[in-house]
Amino acid sequence: MMTNHPNLDMYYGDLHIHIGRTEQGAPVKISGSRDLTFANIAREAAERKGIQLVGIIDCHSPGVQDDILTCLKQGEMQELADGGISYRNTTILLGSELEIREPGMGPAHLLAFFPYLETMQSFTQWLKVRMKNVNLSSQRVYAPAKELQKEVYARGGMIIPAHIFTPHRSIYGSCAPRIGDVLDPDLISAVELGLSADSEMAGWISELDRYTYLTNSDAHSLKKIGREYNKLVLAEPTYGEFVKALACTDGRKVEGNFGLNPRLGKYHRTYCSSCNYIIDEANVSVERCPYCGKTKLVRGVLDRIVSIGDRSAPQVPENRPLYHYQVPLEFIPGLGPAKLELLLGSFGTEMNILHQVSYQDLSHVVGDDLASKICDAREGKLQLETGGGGIYGKVAKS
């Protein structure tokens, strides 16, 4: 995976993974799987997924911090001088997902990352008096959003607005039509697109041109890790190198975004909650369901973007990395757990299967039909059915 720079290399990164429970069984992300523990995430990313940089975004929880300390004391993980915690060939970035709500506005989620456990522990002390339950994920912070930003950056951290277009708890989807209405635009290191948007869709909004885009899984179970991810150019997977990549300095950068085709996202198009109809029409300004005539609509990401966009058509800056439509292996019809295990037994990790293994080698293990589907998934050739209203899209059966 070498690059043109002799001291740089390519790494895969997924920077939005939840913890469901601590090792003691205490809840962290209520909707997260019980086996989503700090140690299990590290093992899944390193051994099964083949992802070298992972962001665990519930590390503000004191119970999670106890688990991290146990891993460090046992010697299976080490804290890096340049930030992050190393496990085998994978580095974990310590993050926190926080909810802000400014007066008169809806809620939005932000990701905050810090280089060291000690820094995160200090931040937890700051949060304790500004949060009802610091043990849980994605809790509201009772402080002005700009004050939160200053606090994070003063501690050597970074802020990344999460899933910025989703209808629930995002900057554009439920909070405000412009970032500057809520946050200090200069205290943002990148933005996360979310599962229902891509780079072209974000190109309707000019203020986003300045930011690096990230595509992350927002995983609530181990198998969802890596359903969206990024290809990064770094000297090594560390917090300091990640900071440089987001700022595009010293040759470090996000080389590519690998995400679901937005049609597979569960909030891509407007959805009628009265008759369960996904409005996948050319007209994006629908105010009434064309099927039943009612107005109980959940505004889709595409529809919301066009309604608040300040351009007549999307524009993607020339220096923006490519957005690759990557269909996760679990979405591929016919590729069940047993056949996936055969592939992993032969080729090691999901990243190898998705990117490296030839059609011929795949067909030897799972047959020509599935090999063709995996290769079509790489190239964005699979036929899709659109998602909306909290229902994922899916790959159409051939």
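Visitor: Leaving aside its neighbours within four places in sequence, which residues is T212 in contact with?

Guide: Keep in mind that this is a predicted model. T212 is found in the loop between α6 (199–202) and β10 (213–214). Skipping its neighbours within four places in sequence, its contacts are A190, V191, A245, L246, C248, V254 and R320.

Visitor: Is T212 buried or exposed?

Guide: Buried here means under 20% relative accessible area. T212 has a relative accessible area of 11%, so it counts as buried.

Visitor: How far apart in space are T212 and K253, C-alpha to C-alpha?

Guide: Along the chain, 41 residues separate T212 and K253. In space, going C-alpha to C-alpha, the distance is 8.8 Å.

Visitor: C248 was among the contacts of T212. Is C248 buried or exposed?

Guide: You'll find C248 in the loop between α7 (239–247) and β12 (253–259). The cut-off for exposed is over 50% relative accessible area. C248 comes out at 52%, so the word for it is exposed.

Visitor: What is the phi of C248?

Guide: Most residues other than glycine have a negative phi. C248 is not a glycine, yet its phi is positive. The value is near 55°.

Visitor: Where does R169 lie, and what is its phi?

Guide: R169 lies in the loop between β8 (158–161) and α5. At 38% relative accessibility it counts as partly exposed, because that falls between the cut-offs of 20% and 50%. R169 isn't a glycine either, and its phi is positive, at about 60°.

Visitor: Which residues touch the most other members of the largest nonpolar core?

Guide: That core has 98 residues. Helix α11 (residues 359–378) gives the most to it, with seven residues. The residues touching the most other members are F38, F165 and L208.

Visitor: Leaving aside neighbours within four places in sequence, which residues is L208 in contact with?

Guide: L208 is one of the residues that touch the most other members of the largest core. One of its contacts is F165, another name from that group. With neighbours within four places in sequence left aside, L208 is in contact with I164, F165, Y172, I179, V191, A202, Y213 and R320.

Visitor: How many residues are in the second, separate core?

Guide: This second core includes A190, L234, F242 and L246. A190 and L246 also turn up among the contacts of T212. The core has 19 residues.

Visitor: Is α9 oblique or roughly antiparallel to α11?

Guide: The axes of α9 (residues 337–347) and α11 come within 10 Å and cross at roughly 125°. The crossing is left-handed. In the contact, K339, L342, L343, S346 and F347 of α9 meet D361, L362, V365, V366, L370 and I374 of α11. Roughly antiparallel needs an angle over 145 degrees, so α9 is oblique.

Visitor: How about α2 and α3: roughly parallel or roughly antiparallel?

Guide: The axes of α2 (residues 62–74) and α3 (residues 117–128) come within 11 Å and cross at roughly 160°. The contact is made by P62, Q65, I68, L69 and L72 of α2 with L117, M120, Q121 and T124 of α3. An angle over 145 degrees is what counts here, so the answer is roughly antiparallel.

Visitor: Which residue in β2 is the bridge partner of D14?

Guide: Strand β1 (residues 9–17) is mostly covered, with eight of its nine residues buried. With β11 (residues 229–234), β1 pairs in the antiparallel sense over five bridges, and Y11 stands opposite L232 there. With β2 (residues 53–56), β1 pairs in the parallel sense over three bridges. In β2, the partner of D14 is V54.

Visitor: Which residues of α8 are buried?

Guide: Helix α8 covers residues 301–308. What covers its buried residues includes α5 (171–175) and α6. Those buried residues are V301, L302, D303, I305 and I308.

How values were computed:
Residues numbered from 1 in each chain as written. Predicted model: local features only at pLDDT ≥ 70, side-chain atom pairs only at ≥ 80, totals over all residues. Heavy atoms only, no water. Core = buried A, V, L, I, M, F, W, Y, C linked by side-chain atoms within 4.5 Å. Buried < 20%, exposed > 50% of the residue type's maximum accessible area, 1.4 Å probe, protein only. Helix = DSSP H or I, 4+ residues; strand = E, 2+ residues; numbered from the N terminus. Contact = heavy atoms within 4.5 Å. Axes fitted to C-alpha atoms, helices over the stretch in contact; angles between N-to-C directions. Parallel < 35°, antiparallel > 145°, perpendicular 65-115°, else oblique. Left-handed = near helix turned anticlockwise from the far one by under 90°. Pairing = 2+ DSSP bridges.
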